[in-house]
Amino acid sequence: MTAPLKHSDPITVEVALGERTYDIIIGRGVLPSLGARINALRPGVRTVIITDRTVSSHWLAATEASLAEAGIPCSHFVVEDGEGSKTYAGLEKVSEALIAAKIERNDLVIALGGGVVGDLAGFAAAILRRGVDFVQVPTSLLAQVDSSVGGKTGINSPKGKNLLGAFHQPLLVVADTAVLDTLSPRQFRSGYAEVAKYGVLGDAAFFAWLEANHAEIVRGGAAREHAIATSCRAKAGVVARDERENGERALLNLGHTFGHALEAVTGFSDRLFHGEGVSVGMVLAAQLSAQLGMIADSDAARVQHHLNEVGLPTRLQDIAGFTQEGLADADALMALMAQDKKVKRGKLTFILLEAIGQAVIAGDVEPEIVRNFLQDKLSG
């Protein structure tokens with residue numbers, strides 16, 4: 001697998017769900033085309049843009065200008081940055097803003113932001129008037145390769161991550177890779193964890209390509225668009241085969257059972273970004289797989305080494321204040337994992353590895369084995 005040598009024309013990835021389809025448009029400088037693309041799909045709509053404070057300072061004016069040029073009426077509503085907005089209270093604010101804007105069933109909600117904004121705005125659209133269409137304009141790497149694709153929307157409960165939500169597919173995804181230039185290095189690295197995930201769980205050749213090209217992806221060269229498009233194609237294929245996560249789609253949660261528990265125990269705060277939790281969780285999943293004899297220790301070490309190279313946390317001890325503040329408690333983490341969405345009849349389900357590029361759903365791991373594994377990692 002090789003990357004293109006220069007920035008290409010926009011790449012279109014189609015998500016096909018039976019008779020329903022939508023496009024993911026990927027490329028540098030595609031944001032100005034948003035209005036024309038919406039007009040082609042839904043002429044005569046009105047829109048409300050949901051965004052956050054940081055993204056609005058960079059990209060709200062350009063988004064509004066694109067809509068205005070296409071003659072699309074729009075207003076906007078700005079939420080606070082971070083997971084703190086993905087709550088009951090945040091959902092109420094956004095929903096009431098949409099109602100006040102008189103958004104009707106044939107209108108559109110536009111989610112301009114990262115995963116938090118996409119999840120929150122998408123869920124509000126799903127429940128407004130029993131379902132209003134929405135468009136994803138993801139502005140973080142994590143959102144471009146993962147959360148904007150596939151129709152998962154929702155908010156957090158104090159008891160766990162994404163425990164309330166709906167499957168609600170977007171009408172369109174416009175992923176402008178130029179907007180990623182405004183991300184902090186930490187935010188970009190956080191999103192990279194989801195890129196690496198696609199290689200680890202289902203494409204060994206892609207993972208090897210990432211090992212060779214990650215520096216170019218970080219620098220923003222053509223390798224970045226190639227990595228995003230490859231990730232989107234991988235997710236689009238899985239979603240097409242299993243839209244509502246009755247089977248194969250659960251594989252996309254590699255690292256998330258551990259990662260979501262770590263996010264919860266750190267208060268869904270910027271102490272641990274979602275992708276950072278996935279990074280630590282992915283390494284833990286690989287190490288647990290090795291302990292169970294499913295993969296070689298060297299494969300688990302390879303996953304950890306690559307994520308370390310990119311600058312991501314890979315150990316529980318890498319999480320700020322984790323051990324000093326009494327959060328290092330295996331029983332507490334097990335209790336949080338018991339609230340995971342993949343729990344069935346009270347049994348934990350883990351996504352483990354049989355090889356790099358081959359993940360499996362494991363619903364029969366004894367809880368005591370996992371607890372002892374965590375205790376060992378916490379003490380190490």
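Seven strands form an open sheet with mixed pairing, in the order β1-β2-β9-β6-β5-β3-β4. Strands here are DSSP runs of E with at least two residues, helices are runs of H or I with at least four residues, and both are numbered from the N terminus. Two strands count as paired if DSSP finds at least two bridges between them. At the edges sit β1 (11-17) and β4 (74-79), each of which pairs on one side only. On average, neighbouring strands of this sheet are turned by 15° against each other, direction ignored.

A word on the model before going further: it is predicted, local features need pLDDT of at least 70, side-chain atom pairs count only at pLDDT 80 or more, and totals for chains, interfaces and linings use all residues. Residues are numbered from 1 along each chain as its sequence is written, and side-chain values use heavy atoms, with hydrogens and water left out.

Within the sheet, β3 (residues 47-52) and β5 (residues 108-113) run parallel and are joined by five bridges. Ile50 stands opposite Ala111 in β5.

Contact means heavy atoms within 4.5 Å; axes are lines fitted to C-alpha atoms, for helices over the stretch in contact, and angles run from 0 to 180 degrees between N-to-C directions.

| Helix | Lies across | Angle |
|---|---|---|
| α1 (residues 34-41) | β2 (20-27), β5, β6 (133-138), β9 (172-176) | about 165° to β9 |
| α4 | β3, β4, β5, β6 | about 165° to β5 |

Let's zoom in on α4 (residues 115-127), where Gly118 is found. Gly118 is buried, with a relative accessible area of 3%; buried means under 20%, exposed over 50% and partly exposed in between, using a 1.4 Å probe and protein chains only. Leaving out residues up to four places away in sequence, Gly118 touches Ala111, Phe134 and Gln136. Its C-alpha atom is separated by 7.7 Å from that of Ala143, 25 residues apart along the chain.

Helix α9 (residues 256-265) is mostly covered, with 10 of its 10 residues buried. The cover over these buried residues includes β8 (160-167), α6 (185-202), α10, α12 (330-337), β10 (350-355) and α13 (367-379). After α9 comes Gly267, whose phi is positive, near 75°.

Finally, the nonpolar cores: sets of buried Ala, Val, Leu, Ile, Met, Phe, Trp, Tyr and Cys residues joined through side-chain atoms within 4.5 Å. The largest has 100 residues, and Phe258 and Met337 are among those with the most contacts inside it. Helix α10 (residues 274-291) gives the largest share of this core, nine residues. Apart from it lies another core of 19 residues, including Ile50 and Val117.
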